[in-house]
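User: Could you take a close look at one part of this model for me? I would like to understand the loops and the helices that they join.

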Amino acid sequence: MLSYLWVLLQGSDQRTLSDEEVIAEYLRTQNNFFFELLYERYSKKVFGKCLTILKDEAKAQDATQDIMMKVLLNLSRFGGRSKFSTWLYSITYNFCIDYVRKLKKDPSVYMDDIGNYEGEEIEVSDAVILESK
């Protein structure tokens, strides 16, 4: 059964929905349309942060896909105690830093070897995020 909200959004301006509304509707319906909205909103920002930390475009692309998959699988753990963008930034930062640390220990580490994010939420202030931009 299609969500009433999803039907209304077909052909309209989806930018009017807040991230929290999109997440709630995705969790309620499991309709990929809503996750695609989040992906469109944030994948370029995640890629940019990954590229800044990893300094390699191919690794940043792989990391972006892995991070967005982790977000999809852990979306139900988003508690709303911070903004979604803050939660996503924490996941992105931790994923990339873990990769860099593992790469320093063992240069043969591949991107698939570090998928160890378990969905824990780390509070990062908006000031830190704005500073990182």
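**A loop and the helices on either side**

Analyst: Lys-55 sits in the loop between H3 and H4. Please keep in mind that this is a predicted model. The phi angle of Lys-55 is near 60 degrees, a positive value in a residue other than glycine. Lys-55 is also exposed, because its relative accessible area is 67% and the cut-off for exposed is over 50%.

Helix H3 covers residues 32–54, and its axis and that of H4 come within 8 Å, crossing at roughly 140 degrees. H3 is therefore oblique to H4, since an angle has to be over 145 degrees to count as roughly antiparallel. The crossing of H3 and H4 is right-handed. On the H3 side, the contact is formed by Phe-35, Leu-38, Tyr-39, Ser-43, Val-46, Phe-47, Cys-50, Leu-51 and Leu-54. They meet residues of H4 that include Glu-57, Lys-59, Ala-60, Ala-63, Ile-67, Met-68, Val-71 and Leu-72. Sorted by class, this contact of H3 with H4 has 14 nonpolar, four polar and two charged residues.

Let us follow the chain onward from there. Helix H4 spans residues 57–74 and packs against helix H5, residues 84–105, at an angle of about 130 degrees, with the axes 10 Å apart. H4 and H5 are therefore oblique to each other. Their crossing is right-handed. H4 brings Lys-59, Ala-63, Asp-66, Ile-67, Met-68, Lys-70, Val-71 and Asn-74 to this contact. From H5 come Phe-84, Trp-87, Leu-88, Ile-91, Thr-92, Phe-95, Tyr-99 and Leu-103. The classes here are 11 nonpolar, two polar and three charged residues. Some H4 residues take part in both contacts: Lys-59, Ala-63, Ile-67, Met-68 and Val-71 are among those that meet H3 and among those that touch H5.

The loop between H4 and H5 holds Gly-79. Gly-79 counts as exposed because its relative accessibility is 51%, and the cut-off is over 50%.

Gln-30 is another residue other than glycine with a positive phi, near 60 degrees. Its relative accessibility of 48% makes Gln-30 partly exposed.

Of the 133 residues in the chain, 40% are buried. Among contacts with a separation of 6 or more, 60% join residues 24 or more positions apart. The chain exposes about 8,200 Å², with carbon and sulfur atoms supplying 53% of that area.

Technical notes:
Residues numbered from 1 in each chain as written. Predicted model: local features only at pLDDT ≥ 70, side-chain atom pairs only at ≥ 80, totals over all residues. Heavy atoms only, no water. Axes fitted to C-alpha atoms, helices over the stretch in contact; angles between N-to-C directions. Helix = DSSP H or I, 4+ residues; strand = E, 2+ residues; numbered from the N terminus. Parallel < 35°, antiparallel > 145°, perpendicular 65-115°, else oblique. Left-handed = near helix turned anticlockwise from the far one by under 90°. Contact = heavy atoms within 4.5 Å. Nonpolar A, V, L, I, M, F, W, Y, C, P; charged D, E, K, R; others polar. Buried < 20%, exposed > 50% of the residue type's maximum accessible area, 1.4 Å probe, protein only. Areas by Shrake-Rupley, 256 points an atom, 1.4 Å probe, with all protein chains shown as cover.
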